[in-house]
Amino acid sequence: MDILGTLKGLAQDSGFGLFFVEGGWKYFVMIIISFVLLYLGIKKKFEPLLLVGIAFGCLLTNLPGAGLYTPELWDVYAGTEGAQFVTASGDVLTHVTFTDIIHYGGLLDILYIGVKSGLYPCLIFIGIGAMTDFGPLIANPKTFVLGAAAQFGVFFAFFFATRIGFTGNEAASIGIIGGADGPTAILTTSLLAPHLLGPIAIAAYSYMALIPMIQPPLMKLLTTPEERKIKMFQLREVSKAEKIVFPIVVAVFVILLLPATAPLIGCLMFGNLLKETGVTERLSDTAQNGLMNIVTLFLGISVGATTVATRFLSLQTIFIIILGLTAFCFSTVGGLLVGKLMCKLSGGKINPLIGSAGVSAVPMAARVSQMVGQKENPSNFLLMHAMGPNVAGVIGSAIAAGFLIKVFGG
């Protein structure tokens, strides 16, 4: 028995040996990137509930030889031209279903089905709805306009991306980063450009976590100290009946207007109805806690699995990171500019800072509006006023995503 030859064979076939084959260095780089993401999630607390899962999924998928995620299977499933998958028995597959993926794929392939089918983002939207209070928006419906204005960055980044070589599907997926809504970005990308899911998800959640750093400079640049000092009147009290009717009316109107929004808007409003009825406390509590935690766990690790070294390390990823930041900044700018316009039209009764909360990062963007406003005027309390455009932004980003999915998803 050739013991030396056996040991050499084991070394070559191990994951360690695969680092030294052609292109193996890319796995090493991706493992380093996963460590950085883990540091940002754990130490810096950048959206840790999802970023830690994404980082660990990135680590697992880039351990050579582990076979937990098989991008070739998903290429065949998506119908990518020339894509094929060779099974262990030598069969060549040019068409696969979810059943085939379960049979031939690894653990993360199976978990990723929930992303590709749109299940995870929609379940998360039920939880978001159950945690959202639309009262400030109902009390001041004019702030719907600010939620719409903050989608400007989505379409700006979309048009810019198409000019630098991205396809319509890819540009739509990149642009939706500007909505500052992670589940919406994931759903849109999984349907339109699944090969970009890794970098888009990381960009979306990273920028959401960096809101306290990104938005204040823009807010100070576009508003005057006098505008930032404006105090707003207390919102009227919203009745229970209004809160119950609101999600039903919004679901019916928006879905009839744009049917492609049905999965996101339907789940968001269903979750909110569970919260507001007062007779489904157990279901609301489950949606806010148990369901959200379980789905977030699966979503993070399966999205991280798509950051395969051979695809993630590219010039395209750098462009996505830059365009995502551009989209986010222009969404903030759009909300602020319309906020300034509303300030003028109202005779100085609306503080334009609440326009920056039109991005749908709830409630962080509203808290940033409160923080910046209070620095100029310590007696200023903008939080509840900013929550109106903030929750409007959630609806706005879902509508923007539904529109793009309808146009480019067929």
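Within helix α17, the residues Lys 243, Phe 246, Pro 247, Val 250, Ala 251 and Val 254 are buried, where buried means under 20% relative accessible area, exposed over 50%, and partly exposed in between, with a 1.4 Å probe and protein chains only. This is a predicted model, in which local features need pLDDT of at least 70 and side-chain atom pairs count only at pLDDT 80 or more, while totals for chains, interfaces and linings use all residues. Residues are numbered from 1 along each chain as its sequence is written, and side-chain values use heavy atoms, with hydrogens and water left out.

The cover over the buried residues of α17 includes α9 (135–139), α10 (144–149), α18 (262–277) and α23 (383–409), helices here being DSSP runs of H or I with at least four residues, numbered from the N terminus. Helix α17 itself comprises 18 residues, 240–257, and reaches 26 Å from its first C-alpha to its last, close to the 26 Å expected at 1.5 Å a residue, a span defined as 1.5 Å times one less than the number of residues. At Phe 246, one of the buried residues, α17 bends by about 25°, and Pro 247 follows within four residues; the bend is the angle between axes fitted to the seven residues ending there and the seven starting there.

Elsewhere, Ile 318 has its place in helix α21 and is partly exposed, with a relative accessible area of 47%. Pro 217, which lies in helix α15 (residues 211–222), also counts as partly exposed, at 49% relative accessibility. Between Pro 217 and Val 154 there are 63 residues in sequence and 20 Å in space, taken C-alpha to C-alpha.

Definitions and conventions: Helix = DSSP H or I, 4+ residues; strand = E, 2+ residues; numbered from the N terminus. Contact = heavy atoms within 4.5 Å.
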